[in-house]
Amino acid sequence: MNAPYTAPYTGTGRIGDSALAARLGRELRGQVLFDGASRGRYSTDASIYQIEPIGVVIPHDEADIARAIQIAADEGIAILPRGGGTSQCGQTVGEALVVDVSKNLAGVIALDLENQRVKVQPGLVLDQLNAYLKPHGLYFPVDVSTSSRATIGGMTGNNSCGARSIRYGNMVDNVQAVEAFLADGSKLNFGQLPRNFQAGDIPARYRHLVTPLLDLGRREAAEIAARFPTVQRRVGGYNIDALVPGTGSENLAHLLVGSEGTLAFSTAIELDLAPIPPNKVLGICHFPDFRAAMDATQHIVKLDPAAVELVDRTMIELAREIELFRPTIERFVRGDPAALLLVEFAGENGDEQLSGLARLVELMADLGFPGAVIEATDPGFQAAVWEVRKSGLNIMMSMKGDGKPISFIEDCAVRLEDLADYTDRLTEVFHKHGTEGTWYAHASVGCLHVRPVVNLKDPDGAVKMRAMAEEAFAMVREYKGSHSGEHGDGLVRSEFHLPMFGQRMVDNFAEVKRLLDPTGLFNPGKIVAPPKMDDRRLFRFKPDYQTETFETGLDWSAWGGFAGAVEMCNNNGACRSLHLASVMCPSFKVTGDEAHLTRGRANLLRLGISGQLGADALHSEAMADAMSLCVGCKGCKRECPVGVDMAAMKIEVQYQRAKRNGISLHDRLVAYLPHYAPWAARLAPLLNLRDQVPGLAWLSEKLLGFTAKRPLPKWRGDVFKIDQPSLGPEDGPEVVLFADTFNTAFEAENLHAAIALLTAAGRRVHLAQPEDGGRPLCCGRTFLSAGLVDQARAEMSRTVAALAPFVERGLPVLGLEPSCLLTLRDELLAVLPGTAAEALAKNAMLLEEYLAVEHEAGRLELDLGPSIVAGPVGEVLVHGHCHQKAHQTMPAMTTALNLLPDITAETVQSSCCGMAGAFGYGADTYEISQAMGEAALLPAARNAAPATTLIANGTSCRQQIKHGSGREAVHMVRVLAGALK
């Protein structure tokens with residue numbers, strides 16, 4: 001029987017148990033995390049649920065997993081396997097000992113090229129696997145949209161599918177074998193059973209387990225045939241159809257696929273691989289109404305495409321508002337369609353794929369939509385389009401406000417001939433309950449990810465959610481479809497197995513659970529004996545959820561307040577990407593710890609401001625520790641699909657902390673650099689003794705917190721001075737050059753080079769000065785880095801006032817240092833909101849942006865030859881500053897460098913260099929800083945040919961390159977100015 005929710009191992013009173021933590025610490029080699037902050041970070045996934053775990057273990061190896069299972073059994077607590085923690089249905093949350101395999105059990109065990117198979121550990125991320133396989137011309141074809149962070153173990157547990165399942169099937173179709181621990185500690189290899197199973201030479205424990213499972217398959221064959229829907233996307237319950245003799249696969253690994261960690265703990269998974277299709281083309285079909293797109297799908301699939309994916313109008317409109325996706329949307333969306341279908345053809349023969357695309361164009365015309373297909377044959381263009389589609393969920397979740405498109409019926413699958421009627425009727429259900437739904441994803445297999453917009457902070461939200469779920473599932477049952485088509489069951493759908501499959505099938509699932517996990521050790525409450533899906537006590541926003549209000553340093557009104565901005569994080573895990581080309585999240589790329597992740601920090605903030613971590617959590621050491629390795633790279637603001645700006649949130653946290661506790665002498669010296677830099681230049685020889693006299697660096701580390709392992713920037717007496725407020729031809733186009741603190745004090749030659757370049761281009765260059773004629777202008781960046789928002793506001797006010805006369809005339813304000821100039825486009829608006837700041841932000845440009853715009857408009861005339869700064873071979877290696885990447889200015893840098901004749905520029909694929917302003921100078925952050933640099937940048941700099949010129953526009957980036965590689969890097973402007981004839 002499907003018993004009421006009395007799942008074992010809940011309400012144990014063991015949450016945060018110090019004695020249990022101590023035992024685990026003694027007996028395991030891996031990390032044991034039982035503190036409140038760690039438990040809070042692991043209490044959520046990408047679902048609507050939040051359940052605090054007993055504690056967290058990061059196993060060092062497989063032996064740790066075995067021992068953790070034994071200890072959990074001894075102690076009477078549940079155990080919950082976890083990978084990337086991105087499940088949408090609550091599979092990876094529970095009152096259990098969470099075992100996170102994503103950090104240390106993430107490798108390839110064996111590759112069999114002859115049979116095109118690979119054996120991997122469960123924590124390996126799909127994109128990492130495919131990067132490993134690519135040189136062999138192979139890939140794993142279950143291409144889920146979360147491939148940058150989805151682990152193979154999680155995909156196996158979910159029975160994941162992907163955009164191309166119409167060709168390659170689900171995980172269950174691509175998994176050959178699984179090695180796993182059972183609750184009694186035995187380790188078995190689940191795989192294909194031999195034909196004569198009883199006579200086979202197999203372990204007694206395996207035989208003891210398999211015999212009753214096969215008996216169940218024989219006994220329930222007719223019930224399985226009658227109850228399991230025939231659509232491809234059926235992942236609900238356990239795959240007991242694999243046990244049916246004759247028609248089932250009789251591969252016991254398939255029983256574990258889709259079991260959500262409730263039956264065993266996987267430690268190795270053997271996968272089937274496929275050749276990478278060498279030729280792909282994409283047709284983007286535009287439809288004037290949604291039903292037409294749904295009706296067309298059944299005809300399009302007859303053309304044998306590799307994928308047919310839906311993008312609806314809501315997704316298009318939201319993507320247009322996201323800086324990361326806007327350029328791609330403008331390129332592939334024509335007019336104002338109600339829906340798009342992305343139709344891909346892929347295979348060995350390029351002509352065949354082009355033929356398929358031509359047939360698609362013809363079909364669309366036959367269906368009444370002539371000229372409605374955008375043809376994408378360029379691989380780069382196709383990749384950009386697919387990136388938008390892969391981010392569908394997160395684009396939908398970028399809606400601001402308490403109402404969000406939430407997961408609970410997003411996985412239903414119906415036959416293609418029923419798809420148009422199903423979507424029409426479901427839309428009527430949404431309207432009946434006063435809401436709308438967003439639609440996207442797998443039209444090819446009738447599995448559309450539909451998410452009604454619901455406010456789960458409102459008690460009525462849960463009521464609406466249940467009502468819509470019951471009506472939707474009844475409709476799916478009517479169409480003989482599947483209520484669980486890709487994302488699994490978890491907490492949100494397991495309850496509905498009874499009406500969808502019937503009591504007898506639910507009892508069968510319970511029997512399987514008892515056979516493999518008789519004590520209910522593994523991940524209780526999922527698939528078998530689930531809770532009610534609308535139990536608000538299990539929600540992230542529980543019945544008593546409230547956030548504290550306080551006076552903020554930054555303006556968060558666009559999100560309805562600081563809490564609204566924090567709550568934008570939906571735990572999608574995009575910040576877990578390990579791609580070198582991804583800026584976000586450099587600290588996580590080095591440590592692999594959830595604590596050092598945008599998601600981990602956002603979760604802690606949400607818990608802190610809602611009182612779930614105790615009183616005064618915002619000012620706690622745990623909060624300070626969580627923020628300590630955030631380098632303010634701004635990568636999350638651009639790359640997080642929901643726009644979580646952790647750099648700004650860190651400023652806010654530091655501001656609140658500084659108001660109460662003040663700041664350290666180290667932070668004060670960093671923050672007030674613009675104030676003392678003018679007189680420090682006069683003491684340059686004395687101050688530079690720090691790195692010349694033995695013992696002084698050590699002393700500065702002990703007293704001031706600046707690492708002795710790295711020299712500080714050298715003070716100079718020849719600082720940049722404004723002798724003439726304007727230079728260049730009086731009748732030339734006017735620009736303003738903003739002389740930042742760093743180039744003014746440490747690298748005046750960059751500013752001189754900028755003036756030479758601009759005046760050579762015929763520009764009249766104005767040098768902005770403060771109204772009071774005092775010390776140089778400052779963007780306020782150094783004050784923000786220490787949380788001194790009020791002091792930053794004062795600096796910004798001086799700068800805005802000084803630049804206002806130029807801005808009012810529409811003059812571009814140009815800068816050299818990315819972190820300073822881009823502060824005028826970003827943080828300025830949050831620190832000093834108003835029309836004056838908005839006008840300055842609109843006019844502020846990096847020098848390379850200005851050069852690119854003027855060149856592309858045909859207004860730039862520069863007579864350039866070979867640069868005396870660049871090497872004789874004309875080879876250039878470019879490193880982009882994090883803020884350049886976050887604000888998408890790197891293409892402008894490429895355009896500017898291409899003004900040089902005979903130049904060959906290559907950009908290092910890297911995240912943060914590791915310096916991040918003063919971060920790399922900290923005694924407590926030096927090692928992390930170096931590890932960030934060693935991930936890509938420093939090896940690239942060391943390996944560059946001696947004649948190659950290294951270019952980095954960030955002053956801290958240049959410092960890191962010099963310290964970490966021994967090579968000198970220069971600002972781009974010096975290379976360009978050095979080419980003036």
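**Strands, surface patch and side-chain pairs in a predicted model**

Lys103 is partly exposed, with a relative accessibility of 29%; buried denotes under 20% relative accessible area, exposed over 50%, and partly exposed the range in between (1.4 Å probe, protein chains only). The structure is a predicted model, in which local features need pLDDT of at least 70 and side-chain atom pairs count only at pLDDT 80 or more, whereas totals for chains, interfaces and linings use all residues. Residues are numbered from 1 along each chain as its sequence is written, and side-chain values use heavy atoms, with hydrogens and water left out.

Lys103 forms a salt bridge with Asp593, with 2.7 Å between the closest N and O atoms; a salt bridge requires a side-chain nitrogen of Lys or Arg within 4 Å of a carboxyl oxygen of Asp or Glu. Lys103 is in the loop between strand S4 (97-100) and S5, and Asp593 is in the loop between helix H22 (586-591) and helix H23 (598-609), so the pair ties together parts 490 residues apart in sequence. Helices (H or I, at least four residues) and strands (E, at least two) are DSSP runs numbered from the N terminus. Asp593 is buried, at 18% relative accessibility. By the salt-bridge rule the count comes to 68.

A second salt bridge is formed by Arg576 and Glu594 (3.0 Å, N to O). This pair links distant parts of the chain, 18 residues apart: Arg576 is in the loop between helix H21 (562-566) and H22, and Glu594 is in the loop between H22 and H23. Arg576 is buried at 7% relative accessible area, as is Glu594 at 4%. Elsewhere, salt bridges with shared partners connect Arg14, Asp17, Arg23, Glu27, Arg67, Asp74 and Glu75 in one network. Within helix H17 (residues 459-478), Lys464 and Asp460 are 4 residues apart, about one turn of the helix, and their side chains meet in a salt bridge at 3.9 Å, N to O. Lys464 is partly exposed at 31%, and Asp460 is partly exposed at 36%.

Strand S5 (residues 108-112) is antiparallel to S6 and joined to it by 4 bridges; two strands pair if DSSP finds at least two bridges between them. Asp112 has Arg117 as its bridge partner in S6. The hairpin of S5 and S6 has 4 residues between the strands, and Gln116 takes a positive phi near 55° there. S6 is also joined by 4 bridges to strand S10 (residues 265-272), again antiparallel, where Asp272 is the bridge partner of Arg117. Strand S6 (residues 117-120) has Val118 and Val120 on a covered face, and Arg117 and Lys119 on an uncovered one.

S1 and strand S2 (residues 55-58) run antiparallel and are joined by 3 bridges, with Val56 in S2 as the bridge partner of Leu33.

The disulfide count is 0, a disulfide being a pair of cysteine sulfur atoms within 2.5 Å. The sulfur of Cys575 lies 6.2 Å from the closest cysteine sulfur, in Cys585, which is too far for a bond. Cys575 is buried, at 6% relative accessible area. For Cys633, the closest cysteine sulfur is in Cys882 at 5.1 Å, also too far for a bond, and Cys633 is buried at 9%.
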